[in-house]
Amino acid sequence: MTDSGRTDSGTLAPLRHRLFLLILFGSLLSHFGNAIQSVGAAWHLTASGQPADIVALVQSAANLPIMLLALPAGAWADMFDKRRVMLLAQCTMLALSITLALLSFGGIASPALIIGLTALLASGVACFNPALAASIGGIVPRAELAAAVALNILAFNVARSLGPALGGAIVAIGGAKAAFVTNALSYLAVIAILWRWRPEPAAPSERRPLLAVIGEGFRFALHSSAIRTILLRAVTFTTTGSAAWALMPLVATQLLDQGSVTFGLLLGALGLGAVIGAASSTWFRARYASETIIRAAGILYGLGCVGVALRPGLLPMLALLVVSGAGWVQALSGFSVAGQLWSPRPLVGRITAMVSSLTFGGIALGSWLWGHVAQDHGVATALTASGLAMILLPLIGLVAPMPKHEAPTS
C-alpha cells in the first residue's frame, strides 16, 4: 500500500481515494472506541454516586489534553513521518486501554484512576488527530480537500456521537468493564492498517527545534485575520455549548429518572443529528456563507438545549437532541474545514492543531464550568443557561465574522 506524491491521473486517483477511505475507516473504529470508553467512565462515576462536577470531569479529561498537546502534536505532524506518529499514538492508547480494563476487572478503578487514564488516552488522540489531518492533503488533491476533510469530520463525529449510543448499550449489557474492553479492541484495526501503509518518504528537510516550529505556526496565526477569527469562534462556541455533552448522564438520571439505556438513547439522538449535520455540511457550504451556517447552527443548538431543560419527556427530548447534534457538527465542521483551507500546506499540521486545541479546550473548560453550575444550581439550570448563551453567541459575528469559504491559493 503506497502513497505517491505525483499529480493524480486517471489510475492514481482511485488508489488515493481507496487509501484515504481505508485509513479513515481505521480511524473511525479508533474514535468509536474512545467514545465508548468515555461513556463507560462517565456511567461508572454516575452509578457510583459521584457528584455532577466529578461526572463532568470525564469530558474535561477527554478534551483538555487535546488542547494542551495539540500544538506540539501539530508541529510533530509537520516535522516527522506522519505514519509513525499515528502508529505510536495508537499503540500507546492500546496499552493504556488494556491497563484500564485490567484495573476495572481488579476492582481498583477509582474515580481518580478512571479520570487520569481517560486524560492519558486523550493525549494519544491529541497526537493522532493532527497527523491524520495533515496526511489528508498528501493523499487527495487540493481540489477535493474540502470534501475529504468534511468526510474525516463526518467519521469523527459519527464515532463521537453514535459511539456513546453504542457505549450505552454495551454498558447496559456488560457494565463499564465491557466498554473498556471494547475500546482496547478498537485500536487493533487502525494499527494493522497503518502498519501496511507505505507512503513514499518525504523530501529531506532541515530538522529544526520544536519551539521554533511551533513559533512559526503562531506567527502565521497572529498575522492572519482569518485564522484568528476561526480560533475565536471555535473556542467560544464549544465553551458555551459543551453543557449538553458533559451533563447527559445526569439528564438521564435526574431529569428523566432513567438508566444507562436511556443515556445511550439520548447520546444516540445527538449522534444521529451529528451524522445529518456532517453529511449535509458540503451541501450547505455550496449554498450559504460560512457566517450564516455558524450563526444558524448555534441558534438551533441553543434552542435544543433549552428545550431539553424544560423536561418535555423522552421522545420530544430525542427530537430536540437530533436538531442540536446537527447544529453542533455543522459548526465544528465549518471551523475545521476553514482551518484546513486557510492554512499554507507546510503549516497545515500546526494550524489544524491550533483549531483542534481551542475547539477541544473549549469543551474541556465548558464541561468543568457547566458541571459546577449543575452541582450548585441543578442540571436543568445549567442546560438553560448554556442554551440561552448559545442563542446570543452569534452576535459575536457582527464584529468577528467567519472568513469566506474560498481559500487563498498557496
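Student: Which residues is Gln 90 in contact with, leaving aside its neighbours within four places in sequence?

Tutor: Contact here means heavy atoms within 4.5 Å, and on that basis Gln 90 is in contact with Ser 30, Phe 128, Tyr 187, Val 190, Ile 191 and Leu 194, once neighbours within four places in sequence are left aside. Please keep in mind that this is a predicted model, in which local features need pLDDT of at least 70 and side-chain atom pairs count only at pLDDT 80 or more, while totals for chains, interfaces and linings use all residues. Residues are numbered from 1 along each chain as its sequence is written, and side-chain values use heavy atoms, with hydrogens and water left out.

Student: Where does Gln 90 lie, and is Gln 90 buried or exposed?

Tutor: Helices are DSSP runs of H or I with at least four residues, and strands are runs of E with at least two, numbered from the N terminus; Gln 90 belongs to helix α3, residues 82-105. A residue is buried under 20% relative accessible area, exposed over 50% and partly exposed in between, using a 1.4 Å probe and protein chains only, so Gln 90, with a relative accessible area of 0%, is buried.

Student: How many salt bridges does a search of the whole structure find?

Tutor: A salt bridge is a side-chain nitrogen of Lys or Arg within 4 Å of a carboxyl oxygen of Asp or Glu, and the search finds two. In one of them Glu 291 pairs with Arg 233, with the closest N and O atoms 2.7 Å apart. Because Glu 291 lies in helix α11 (residues 290-309) and Arg 233 in helix α7 (residues 225-241), this pair ties together parts that are 58 residues apart in sequence.

Student: How far apart are Glu 291 and Arg 295 along helix α11?

Tutor: As a general idea, an α-helix has 3.6 residues a turn, so residues three or four places apart point the same way. Glu 291 and Arg 295 are four residues apart in helix α11, and therefore about one helical turn separates them. Glu 291 is buried, with a relative accessible area of 9%, whereas Arg 295 is partly exposed, at 30%.

Student: What span should α7 have, and what is the distance between its end C-alpha atoms?

Tutor: The expected span of a helix is 1.5 Å times one less than its number of residues. For the 17 residues of α7 this gives 24 Å, which agrees with the 24 Å between the end C-alpha atoms. Helix α7 is also mostly covered, since 13 of its 17 residues are buried.

Student: Which members of the largest nonpolar core touch the most other members?

Tutor: A nonpolar core is a set of buried Ala, Val, Leu, Ile, Met, Phe, Trp, Tyr and Cys residues joined through side-chain atoms within 4.5 Å. The largest core holds 110 residues, and those touching the most other members are Met 248, Val 251, Leu 266, Phe 335 and Leu 383. Apart from this core lies another, of seven residues, including Phe 20 and Leu 28. Beyond its neighbours within four places in sequence, Phe 335 is in contact with residues that include Ile 230, Arg 233 and Phe 237.

Student: How many residues apart in sequence are Ile 363 and Thr 239?

Tutor: Ile 363 and Thr 239 are 124 residues apart in sequence, while their C-alpha atoms are 5.3 Å apart in space. Ile 363 sits in helix α13, residues 348-377, and is buried, with a relative accessible area of 2%.
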